Amino acid sequence: MHCGRCGSEAYYKSGTTNGKQRYKCRICSYPFTRSYGRGIKPENVLIALQLYKQGLGYREIGRILGVSNVAVMQWIRHVGHSFR
C-alpha cells in the first residue's frame, strides 16, 4: 500500500471512516484508505478485442468475460480512439 499523492510507503493508522481503517502519509500528511477497487485486467481487454475482431457482439463478450456489455463497449471505444 502507498500514498495516493506522493507514492510513499511510509504511513500510520489515523482512525476509521465508514468502518474502514484510515491512514495518513508520514511524508505529505495525505489521509487515505486502502482501496481495493475492482480494477480492469489488461488480459480481459485483450481478449475482448480479439473476440470483437472475430465478430462477437458486446453482450456475448460480456457474458464470456463476466463483465457488463457497457464495459466491453467502453474498452473497445477507448482502444479505437487511442489509434486515431
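**Exercise 1. Strand pairing**

In strand 3, which residue is the bridge partner of Tyr23? Work out the sheet from there.

*Solution.* 
Step 1. Tyr23 has Phe32 as its bridge partner in strand 3. The model is predicted: local features need pLDDT of at least 70, side-chain atom pairs count only at pLDDT 80 or more, and totals for chains, interfaces and linings use all residues. Residues are numbered from 1 along each chain as its sequence is written, and side-chain values use heavy atoms, with hydrogens and water left out.
Step 2. Helices (H or I, at least four residues) and strands (E, at least two) are DSSP runs, numbered from the N terminus. Two strands pair if DSSP finds at least two bridges between them.
Step 3. Strand 2 and strand 3 run antiparallel and are joined by 3 bridges. Strand 1 (residues 11-17) and strand 2 (residues 20-25) also run antiparallel, joined by 5 bridges. Here Thr17 stands opposite Lys20 of strand 2.
Step 4. Axes are lines fitted to C-alpha atoms, for helices over the stretch in contact; angles run from 0 to 180 degrees between N-to-C directions.

**Exercise 2. Positive phi in the loops**

Where are Asn18 and Ser29 found, and what is the phi of Asn18 and of Ser29?

*Solution.* 
Step 1. Recall the background. Most residues other than glycine have a negative phi.
Step 2. Asn18 is in the loop between strand 1 and strand 2. These strands form a hairpin with 2 residues between them. Asn18 is not a glycine, yet its phi is positive, about 50°.
Step 3. Ser29 lies in the loop between strand 2 and strand 3. Ser29 is not a glycine either, and its phi is positive, about 60°.
Step 4. Buried means under 20% relative accessible area, exposed over 50%, partly exposed in between (1.4 Å probe, protein chains only). Asn18 has 77% relative accessibility, so it counts as exposed. Ser29 has 46%, so it counts as partly exposed.

**Exercise 3. Helix packing**

At what angle do helix 1 and helix 3 cross, and at what angle do helix 2 and helix 3 pack?

*Solution.* 
Step 1. The axes of helix 1 (residues 42-53) and helix 3 (residues 69-82) come within 10 Å and cross at roughly 85°. Angles under 35 degrees count as roughly parallel, over 145 as roughly antiparallel, 65 to 115 as roughly perpendicular and the rest as oblique. Helix 1 and helix 3 are therefore roughly perpendicular.
Step 2. Asn44, Val45, Ala48, Leu49 and Tyr52 of helix 1 meet Val72, Trp75, Ile76 and Val79 of helix 3. By class, this contact has 8 nonpolar, 1 polar and no charged residues. Ala, Val, Leu, Ile, Met, Phe, Trp, Tyr, Cys and Pro count as nonpolar, Asp, Glu, Lys and Arg as charged, and the others, Gly among them, as polar.
Step 3. Helix 2 and helix 3 pack at about 110°, with axes 8 Å apart. This pair is therefore roughly perpendicular.
Step 4. Helix 2 contributes Tyr58, Arg59, Ile61, Gly62 and Leu65 to the contact, and helix 3 contributes Asn69, Val72, Met73, Trp75 and Ile76. The classes are 7 nonpolar, 2 polar and 1 charged.

**Exercise 4. The core**

How many residues has the largest nonpolar core, and which helix gives the most to it?

*Solution.* 
Step 1. A nonpolar core is a set of buried Ala, Val, Leu, Ile, Met, Phe, Trp, Tyr and Cys residues joined through side-chain atoms within 4.5 Å.
Step 2. The largest one has 12 residues, including Leu51, Leu56 and Ala71. Helix 1, helix 2 (58-65) and helix 3 each supply at least two residues of this core. Helix 3 gives the most, with 5 residues.
Step 3. Take one member, Val79. Beyond its neighbours within four places in sequence, Val79 is in contact with Val45 and Leu49.

Terms used. Contact means heavy atoms within 4.5 Å.
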